[in-house]
Each structure stands twice: as C-alpha cells, then as structure tokens.
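Please open the model in your viewer and keep the sequence panel beside it. The stops below can be selected one after another.

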Amino acid sequence: MSKKWVQRISFRLHQWLGLASAAVLLIVGATGGLLALEDQITAAWPTEKVAPQTQILSTAKLLPALQLPGKQLERIYLETDADEPGRALYRDEQSKQREWRIFNPYTGDVLGNRPAISEFFGDVMALHRWLLMPNSIGSLFTGTAAIMAIIFLIAGIIRRAPDNWRNVKDWLVWKKGSSGRHLLWQWHALLGTWFFIPIFIMAITGPWFAFDWYRDGVRSALETPKPKQMLKSSSAEVDLDAVWHTLQSTIPNGHFARLYMPRKPGDALNVRYLDADAPHHHAYSALSLDLATGKILSQQRYADLSGGDFILANIYAFHTGLFFGLPGRIIWSLAGLAFGSFAITGVWLFFNRRARPKESVSGKADTLIAYASQSGTAAAYGKRLQSWFEQQQLTTHLRCVSKLQPEELMEYRQVLLLASTYGEGQPPDTALAFQQRLAQANTALHNVQVAVLAFGDSQYKQFCAFGHWLSTRLQELGAVPLIPITEVDRGAEQTISQWNQSLAQRLQLSLDKLDSGFVEATVVEQRCLNPDSGREVYDVQLKLADEWQAGDLLELMPTLNETSSRQHLQQLGFTGDEAVAVADGELPLWQVQALTKELGGKATSIAQYLQQTPDLAVRSYSIASAPSAKLVRLMVRKVVLDNGCFGRASGLLANAQVGDSLSVRLKPHQAFRLPEQDVPLIMIGAGTGLAPYLGFLEQLQQSQRSSRTWLLFGERYADSDAYYGDELAQYLANGVLSKLDCAWSRSRDNVARGQYVQQLLAPQSRLLSEYLAQGAHIFVCGSIDGIGVGVHQALVEVLGETQLNALVQQGRYHRDLY
C-alpha cells in the first residue's frame, strides 16, 4: 500500500474513532490525570491519625472487633505508616452496597467513614472506570473507548510522522505566533506527540480493568504456565492465632497488608503485602493461608517475578505511572489531562474544518471540473462553468487538482480540465504534486472523455505547455478527447466563448444560461501618484456591489468607445465602417475592434488584420483595499506602447473620469489571501505589486492580529515612487506593519548605487529564518520576469530549494505574478 493511502486511512481512523469516543475520553482523561496524583494529594490532605503502639491487634482480636451488625466484612487494609488508620470494606446484607470504614488497628475501634478526600477519589475512580454507571455497563463504555484509543493513537502518530526523519525537530517543536485553528492544531498534534508513550500505555492497559476477555488474552500471552491449585483450607475450622503467627513471621509489624476475607467456609485467606524493598506501593507479594492451621498454601514474592509475570503484576502501576516513581505520576497526570483535551480540540478542529468553505464534491456526478490555477483565472472560470451546468440540472464536482488523485478521474463520465501555465511552461504551484502523481499513475481512463482548456501567455515560448502535457498524458492513459485542446491567450474571452460553444454542442447545453460574470462599476476617484515621472501610477477607486477579500483580483474588459476605435483603425488605413461577418450577421469593423480585438498593426486587408490581431483579453488588477472600504481600489501603471499609444486597459483607467462606467468582474484569488491563523507575514512587492499588501494591511488593522508583518518594496526613485508613503507610515506607527524595507534601483544624481528588492533578502537571512520558524507565509507580487525570477532565486540562495519547496507544499509561499 502506498504511503499516501496509509496516511489517508490513518487520518480517517484517527478522525472518526476520536469523534466517536470523544465524550468518554474527555471524562476518562480528566479523571485519570487527577487519579495519577491521588496518593500525593491524599497524603497532603489533613486526615485523622491514630496513636502508634508497639503491636497491632492480632487477627483473633481484630476480626471480632470489626464486625458490624447487618454488614459482611470483605476486606481489611492495613497501611504502611504506623499512624495511619486501617480500612475495612463491608457489604450491606440487604442493599448489597459496599462501603468503607476506617478503624484503629491497635484497638479495633471503628472510627467512622473514610475521610472526605478518600470518598472524593472513590467517586472519581468510579467515574473513571464506570462513568458512575453499574460496573458491567460503565466498563463496556470505558473499555471500548480505550480500545478505540489504541487504534486512533497509532493512526495519529502515523499521520503525524515526518516524511523525513531528519526533520524530527520540526515535528516536536512548538511554532510561535500561531493562533486560531492553527493554534488548536498545534496543541492537539504536539501534545499527542510529546505524550504519546504514556497515553499509549494508558490505552493498552485500560481494557484490562474493563473486559474479562482482554485480561484472559493478556494473561495467556504473558503468564508463565503453572499447575492449577485449589487453594482451600484443610477444614472449616478457623485458628486465627495460627494465622496471626504466620502473618507476623511473614509481614514484620503487620503493616501494609490487604486481607481478603473468605467468601465461604473452607476457603483460604488471601493476603497481599509489601516487602521492605518494594519499589512502589502496588508491588505486591501474595500469600494464601490455611485458616485452620495457619499454614502457607502458596506464596509469590514480587522480587521473584520476571518476564510476563512481572508485567502482569505491574499493570496498574503502568496504567497510572506509579511504576516510574513521582516523575512518572506527574507525567501521567499531565498526559491524562492532555488526553482529555484532545476530545475538545479534536472536535473543535473537525467542526471548524467542516464549517470552512469546501469544493462541492458530495454525492456522485457525471462531470468533473478540475482546475490548476496560479492567479485564479482557471478557478474563477471553473465556478462559472459549474453554475452553468447546475442551472441545467447537470451534477458536477468542482475541484482543485491539488486535492485530486488520478484514480478519482475514473469516477466521472467527462472531465473538464482548466489548466493555467505559469512562466516558461511550468504548472501552477498548486498543480506540482498532481503533475507528479499523474506522471507516475497507471490508471486506465478508457471510459472517460476529457476536454482541456489551456490558459497561458503567448509571449512565452512554452505557451500553454502544462495544458498540452495534461492532454497528452490523459490520452496516454486511455482518455478520449471530448473536444480538442483549446489555448486561451491571456484570458481571451472570445476564445473561451468558442470553447463554450463547442462544449454546449457536445453536451447539449444551452448557452443562454452561461453568465460571463461581468458587471458595471462606477469610477468614484482617480489620481496620479507620481506625476511627471514618465511611468505614472494611478490610484483608481470604483464602486462595486459585489464582495471580495484582500488579495483578490479585479478583471477589466477594456472595450473601446466608437471614437477611439475609429481613430485607431483610421491610422491603419481603414474607415471602421467595413462590414465583418460574425455569428449573428454582420458588424462594422470599428465595433468588432472595440468589443473583441486587441489593437492590431498594419495589414493589407481586413481579413489579414482580423487574422493577425489577437482576441481581446481581460486584464487583471490586484485589489488594493479590504472589503470594509466599500470601494475597490486599484493601483495602475499607465503603459506606453512603442507607437506612443497608451495600453488598452491602463490607458482606459488612467484617463477615466469620475462617473465613468467600466465592465469588470471579480476574480477570487484563493492562493493569495491572508492565512486564517495569526502568523507572521513577509510581503515582497515591486512597483504596482504593492497593491494587494495595502488590502492586507487594511484588513489586518481591523482584525487586530498580533503577529509581525514585514514589507519589502522596490521601485526606481525614492523621491517620486514612494507610493502611499503616509499610509504606510501610519501602519508602522500603529504596529500593523512591523518592518518596512525599500529598495530604489535608480537615483536622480546618478551617484547612489541602485538596489533591487530581492537584494534585501540575503543580508537579512537570519530575520527571514526567524519569521519562517514562527510559521510565516511569504507573499510575492509583481512582474514575473522581474521580481518573480529575482526573488525566487534569492530565496533559493538563502533558504535552499528543499525548504522553499516545502513552503510551497505547505501553502506558505504565495505568488501573484504577471
């Protein structure tokens, strides 16, 4: 069985058995932690003492003195300390209830009930062993819970075991700065690891006290075979003086003896006692005496025990930690309390996990929509596809490939894979593990139809490489193409629309129900942050009814108005009125250009122009505000093209007027959001890559988190490009931002040496490691070819590829690159 399946099975066993026994384990753990220190607490409690004398009463005098009307004497306990009263256990002849009395072993006087502290621990023991229910019923619950605990403890330690045993330190060390669910998980996992051995010993010894079959099975496995003896007195007569003589010769002073009265005439008297060298007060030696003659019928000294017999004699001592002395009692007490706390933290973690938003994977479905997304484009489109399918009563599952196993693909009739390619042919961070699993899989997919929609950027040589790899690999495993692979250049809506049409035709879907997701947003503020710099950056604020979170993106459809479209076409020698055939008839060229095409170059004919001009692609911008701001803030650099014109989208935003309406669409960016737990943040950005961190800081200020935040920002000129300087200074002043480092790559006087943001990391490698040791998440935002490559290489040099890959796998390395 693969390690992955071992981990998966162990997790489910641990989860469900833990939940099933949580209530019982909470009680058993809490009471067990208290009982482990019973002797120390009782000894410190003020109790009644007796005046020591030379000799305790002989059995011939003690037994008659202890007789009480209507009660049967069952046991006599004589304690170790000379000033401790003895204890006698009686059974009421009518109610059959048992009760303890204390007595003076020198006079035989019955002094009354046990001390209140002893009665308290008696009730605690009854709760611990039987849940205050009848013995047979309560033991069934506690014993079963103990057996379940054995299984889920093993499953938990398997689940917890490090992949690399050289990383065992990380497995055992508490990570500072945790809060929320992560804090609960650390408490649950680390205490379970630290106290695994004592808790496991408690669990495997627990059923001994509950089930006869468990006791018999352990005895048969460990006990040395002995010939069976019927230990009976030689007659029904009783010679207590002879018995007392034997006891005196065997147990000096008669202290610490437990006498178990015969149940019927002719039975032997069974005695347990402590030798002078007994290592603990449950290291019993045992006697069986002939009541008629006082003769020893059998004797077993603790010091003579070995092997399995030694283990059997110490079951109680192992269970309570008594075997390991006072340190053992303390450790066992803490372990018992920790064990009880697992019920609380485990249930809390379970329901907290269940309450978190999850992908819809319940029940069966014909269609799987799986996405591999770096910036959220494929994920957002997957949600729109799922909504489209569900409106037509078609069941679908929407899943990120990071949580998908290759064999799960066999469960579906058709699989729609939405795959982004990152940089030069790389899969998104979330898809790295899935690519490895799929590359090694030998799953037969002969009955599965597959359609791949590949997102990429044609500026890169390996355009849509990951999507093509997926398509090829799935066909190698036997999958049948539902429709040919389709490449989407920079999110071109026209291409996506054509794919939708092909999909609708194959699956007989209605396109009328497919929502593009675009809505109208109104410009409420627009200002330049660095006038006359030659690389102007604008702050644009929009009023939008939809909801978002800090780190999400806003997509803009950069359509042109008629005037701008005609001006561009006229520069190329067209009037704009030329008729163009479209699906629904004809449209003038200016309208086709304005709504569906990028700004093209010179061409000799309209057909050539339309063929060589890319389809219009949406533009994505990081949202620079938190939801509480009520306004979507964007940080936009105005792009100037080689021909002197402004960029299609940045020009639209930079020249927008208050009151203008723009066609936009929110794009959730799950992989670039604040972590749920309160952990340190390392935010690295260059230029407009500062935008998402403004939203982060605003949201952090409202949440009042306590962990440190470190912002590293890079731009060209300190005097003009220190965007939002006052805002950042305020965050530093109020502690929301702990540290701000800036790198300026250029200087006006051409004297100061420039520095890029990635160069800030190596000199502060110790601080970087300190943040990461506390569970920090790293965020990187900016140009993929600039800060993306530079920061990644710097992190590899500082941390090493192994640690950086581990951060990716742990979801602690987030990149929003464009």
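Which residues are buried in helix α11 (residues 240–250)? Bear in mind throughout that this is a predicted model. Select α11, and you will find that Leu240, Ala242, Val243, Trp244, Thr246, Leu247 and Thr250 are buried. At the N-terminal end of α11, display the side chain of aspartate 239, which caps the helix with a side-chain oxygen 3.3 Å from the backbone nitrogen of aspartate 241.

From β5, move to strand β1 (residues 71–78), which runs antiparallel to β5 and is joined to it by four bridges; here arginine 75 stands opposite tyrosine 260 of β5. Strand β1 is also joined by six bridges to β2 (residues 86–92), again in an antiparallel arrangement, and lysine 71 has aspartate 92 of β2 as its bridge partner. Six of the eight residues of β1 are buried, and the strand is thus mostly covered.

Next, select residues 137–158, one of the segments that the unreviewed UniProt entry lists as "transmembrane region"; in the model this stretch is 100% helix and 0% strand, with its end C-alpha atoms 32 Å apart.

Finally, go to glutamate 698 in helix α23 (residues 691–703). Glutamate 698 is buried but has no salt bridge, and arginine 633, the nearest side chain of opposite charge, is 4.8 Å away. Beyond its neighbours within four places in sequence, glutamate 698 is in contact with Ser625, Ala626, Ser628, Ala629 and Tyr731.

Technical notes
Residues numbered from 1 in each chain as written. Predicted model: local features only at pLDDT ≥ 70, side-chain atom pairs only at ≥ 80, totals over all residues. Heavy atoms only, no water. Helix = DSSP H or I, 4+ residues; strand = E, 2+ residues; numbered from the N terminus. Buried < 20%, exposed > 50% of the residue type's maximum accessible area, 1.4 Å probe, protein only. Lys, Arg positive; Asp, Glu negative; His and termini not counted. Salt bridge = Lys/Arg side-chain N within 4 Å of Asp/Glu carboxyl O. Contact = heavy atoms within 4.5 Å. Polar contact = N/O pair within 3.5 Å; in protein donor to acceptor, adjacent residues only side chain to side chain. UniProt positions renumbered as here; feature names shortened; annotations may be inferred. Pairing = 2+ DSSP bridges.
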